[in-house]
Amino acid sequence: MNCRLCGSTNLASVVDLGATPPCELFLSAEAVDAPEMTYPLHLRLCVDCLLAQLPPLITPEETFTEYAYFSSFSDSWVRHAKDFVDAQVARTDPKFVVEVASNDGYLLQHVVGHGIRCLGVEPSVNVGEAAREKGVPTLTAFLSPETGQAVRDEHGPADLVVANNVYAHIPDVVGFTQGLRALVADDGWVSIEVQHLLTLIELNQYDTIYHEHFQYYTVASAKRALASGGLSLVDVELVPTHGGSIRLLAQPTENAGEPTQRVLDVLAREKAAGLHELAGYTEFAERVAKVRRDLLRFLVDAAEQGRTVVGYGAPGKGNTLLNHCGIRSDLLRYTVDRNPYKHGRFTPGTRIPILPPEQIAADKPDYVLVLPWNLRAELTAQLSYVGEWGGKLVFPIPHLEIVEAKS
Ligand SMILES: [Zn+2]
């Protein structure tokens, strides 16, 4: 196995989560009786360039042609997108904005709202269609150097290129970065949001490791990845999405200035956490094993005592957790989700039924295991009604917490 960024063969194991199915392939009722493919989920670190990575066992083409994730189903996500657009418009005054992996138009709808010309580039046919229905022009394509150039030739260079929550999802990180460079004007900006490996490691967020995330970035490794396509990191912001993300602001290398103090500060934090060398990654696997033992102990005890436990949410990361822990419907009766696409389907691998959220109020379970722990504040408020019958909320990460639901 070679590092996809620098080609080195010097890769060290960070954590081995066993073999699991693709985390977004929710099973239909018919598929439950059919065989299901699993793939190894083993995170490794390139000792030379420090890019944490999974081998590309599942191609984006397999994942994204009918993608189950509609961004607009999360209130806080849509609000985050509006705040982002308002701030970027104020800062860069763009005339043309391109968003890569624009999903269902949850972000570009706010650019349209400012009266600014925009284009989404989205590989999934079904979510791209949803974007067009809300009036967001969307091209169905994967970003490559060639598609980037084709968009530039047809629409002109973009003053602002946004690539949020996609920089981990592309196995050809160098080609994708060259595609961003092709899209952006020579004096334009590229804004990328991606999960921060520093918080993943520090807060045991190991369920965010899944096959569709091919790499996991520190600011140090992201800077190297950007440079591979002709972009230079100029500024970075820490943002709370996905439990801790970095917003990387880059410009074409020939026009980029020196990195800001904020870049230097985050690099210093990463270095202090040991993440600029192999040593910072070696204790992670044992902490992951403890999260699993604690959650299983709770679920087994609850089952022994005749208490009911159901899930809230069916996010992709929930499937890493459920599969790694080996949780089946004897320990977690069902989970619920706001996305109607998932209703009547089953979680991949663990085959736990997914129902509409109203089921919780109907059944009044003793415990609700919250799988999208990154939306903790929003969901604690949304699930306050669980307290009406004395039910409790359970958060598995960063470590097991059982809390009163406040009604
Ligand atoms: Zn490398």
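Visitor: Where is the place of Pro 398?

Guide: In this predicted model, Pro 398 sits in the loop between E16 and strand E17 (401–404).

Visitor: And what kind of peptide bond joins Ile 397 and Pro 398?

Guide: The bond between Ile 397 and Pro 398 is cis, with omega at about 10°. As background, most peptide bonds are trans.

Visitor: Ala 101, buried or exposed?

Guide: Ala 101 is buried, because its relative accessible area is 18% and the cut-off for buried is under 20%. Tyr 106, which lies in the loop between strand E4 (96–100) and helix H3 (108–113), is buried as well, with a relative accessible area of 4%. Tyr 106 and Ala 81 are 25 residues apart in sequence, and their C-alpha atoms are 7.0 Å apart in space.

Visitor: Switching to the metal, what are the protein donors of the zinc ion?

Guide: The zinc ion has the SG atoms of Cys 3, Cys 6, Cys 46 and Cys 49 as its protein donors, lying 2.3 Å from it. Along the chain, these donors follow the spacing C-x2-C-x39-C-x2-C. Cys 3, in the segment before strand E1 (11–20), and Cys 49, in the loop between strand E2 (39–46) and strand E3 (52–53), are 46 residues apart, and this pair links distant parts of the chain.

Visitor: Why is the arrangement around the zinc ion tetrahedral?

Guide: The four donor atoms subtend angles of 102 to 117° around the zinc ion, so the arrangement is tetrahedral. For reference, the ideal angle for four tetrahedral donors is 109.5 degrees.

Visitor: Cys 3 and Cys 49, are they buried or exposed?

Guide: Cys 3 counts as buried at 3% relative accessibility, and Cys 49 counts as buried at 5%.

Visitor: Now the core, which residues touch the most other members of the largest nonpolar one?

Guide: In the largest nonpolar core, which has 53 residues, Tyr 206, Ile 209, Phe 284 and Ile 327 touch the most other members. Elements giving two or more residues to this core include E1, E2, helix H7 (197–202) and helix H10 (284–304), and H10 provides the largest share, eight residues.

Visitor: What does Tyr 206 touch?

Guide: Leaving out residues up to four places away in sequence, Tyr 206 touches residues including Leu 17, Phe 284, Val 288, Val 291 and Ile 397. Another core, of 45 residues, lies apart from the largest one, and Cys 3, Ala 168, Tyr 217 and Leu 226 are among its members.

Visitor: Zooming out, how many helices and strands are in the chain?

Guide: The chain has 13 helices and 17 strands. Its radius of gyration is 21 Å, close to the 22 Å that the globule rule gives for 407 residues, so the chain is as compact as a globular protein of that length. Of those 407 residues, 56% count as buried.

Conventions:
Residues are numbered from 1 along each chain as its sequence is written. This is a predicted model: local features need pLDDT of at least 70, side-chain atom pairs count only at pLDDT 80 or more; totals for chains, interfaces and linings use all residues. Side-chain values use heavy atoms; hydrogens and water are left out. Donors are N, O and S atoms within 2.8 Å of the metal (3.2 Å for Na, K and Ca); water is not among the atoms, so sites may look incomplete. Four donors count as tetrahedral if all angles lie between 85 and 135 degrees; four count as square planar and six as octahedral if opposite donors are over 155 degrees apart and all others between 65 and 115; anything else is irregular. Helices (H or I, at least four residues) and strands (E, at least two) are DSSP runs, numbered from the N terminus. Buried means under 20% relative accessible area, exposed over 50%, partly exposed in between (1.4 Å probe, protein chains only). A nonpolar core is a set of buried Ala, Val, Leu, Ile, Met, Phe, Trp, Tyr and Cys residues joined through side-chain atoms within 4.5 Å. Contact means heavy atoms within 4.5 Å. The radius of gyration is taken over C-alpha atoms; the globule rule is 2.2 Å times the number of residues to the power 0.38.
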